[in-house]
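Reader: I would like to learn how to read a few features of a structure. Please take one at a time.

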Amino acid sequence: MPAFWEHKTLDQMTTDEWESLCDGCGRCCLHKLEDIDTGHHFYTDVACRLLDSTSCRCSQYNIRESVVSDCLVLRPDSEKEFAWLPTTCAYRRVYEKKPLHWWHPLVSGDPDTVHAAGISVRDNVIHESEVNKSDLEDHIIHWIDF
Ligand code: SF4
Ligand code: SF4
């Protein structure tokens, strides 16, 4: 029997399956910029104030939507939002019918492999309180692909 992420679509997953699909990388919790002329997206190394930069998890996950108005809350029909996700994101990969990487905790069986493989943002980001919004462009990074 194939694993659930190999045969189910996002909208067929149970709540537990859906939640377990998040690899805990924290990448989607970084501030992003869009070039209004080209439509290109860019990630910065500036993290949402609710991101725990060590665990790479949201510190107020259950109420995130009401605390951070521009939080990227994913749902199975979030097609437009998937364009803002990194190519490594499991939601995006399942949506695009691509396999999960070896370091995904569901594949490796170990929640630390996402950190060991250098995919998570652990200890590699700046808290948003340390950066002026007008300076975000100076914080664009290129180690996350769209
Ligand atoms: S980028 Fe995707 S897999 Fe990584 S934390 Fe965000 S939702 Fe989870
Ligand atoms: S509020 Fe949203 S963007 Fe901020 S850390 Fe939580 S999940 Fe990430």
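Author: Start with the shell around ligand 2, which by class holds seven nonpolar, no polar and one charged residues. The model is a predicted one.

Reader: Which residues surround ligand 2?

Author: The surrounding residues are Cys-29, Cys-48, Leu-50, Leu-51, Cys-58, Arg-64, Val-68 and Cys-71.

Reader: How many residues of each class are in the shell around ligand 1?

Author: That shell has nine nonpolar, two polar and two charged residues. Of the 13 residues around ligand 1, those that come nearest are Cys-22, Asp-23, Cys-25, Cys-28 and Cys-89.

Reader: Now the fold. How many helices and strands does the protein chain have?

Author: There are seven helices and six strands in the protein chain. Their order along the sequence is α-α-β-β-β-β-α-α-α-α-α-β-β.

Reader: What share of contacts in the protein chain joins residues at least 24 apart?

Author: Counting contacts between residues at least 6 apart in sequence, the share is 59%.

Reader: How is burial read? Is Val-121 buried or exposed?

Author: Count the other C-beta atoms within 10 Å; 20 or more make a residue buried, and 12 or fewer make it exposed. Val-121 is buried because 23 other C-beta atoms lie within 10 Å. In the protein chain, buried residues make up 26% of the 146 residues.

Reader: Where is Val-121 found, and what does it touch?

Author: Val-121 is in the loop between α7 (113–116) and β5 (126–127). Leaving out residues up to four places away in sequence, Val-121 touches Cys-25, Gly-26, Arg-27, Leu-30, Ala-47, Ser-53 and Cys-56. Cys-56 is 65 residues from Val-121 along the chain, yet their C-alpha atoms are separated by 6.6 Å.

Reader: Is Lys-97 buried or exposed?

Author: Lys-97 counts as exposed, because it has 8 C-beta neighbours inside 10 Å. Lys-97 lies in the loop between α5 (90–95) and α6 (105–108). From Lys-97 to Thr-9 the C-alpha distance is 8.7 Å, although 88 residues separate the pair in sequence.

Terms used. Residues numbered from 1 in each chain as written. Chains lettered and ligands numbered in written order. Predicted model: local features only at pLDDT ≥ 70, side-chain atom pairs only at ≥ 80, totals over all residues. Near = placed C-beta within 6 Å. Nonpolar A, V, L, I, M, F, W, Y, C, P; charged D, E, K, R; others polar. Helix = DSSP H or I, 4+ residues; strand = E, 2+ residues; numbered from the N terminus. Contact = placed C-beta atoms within 7 Å.
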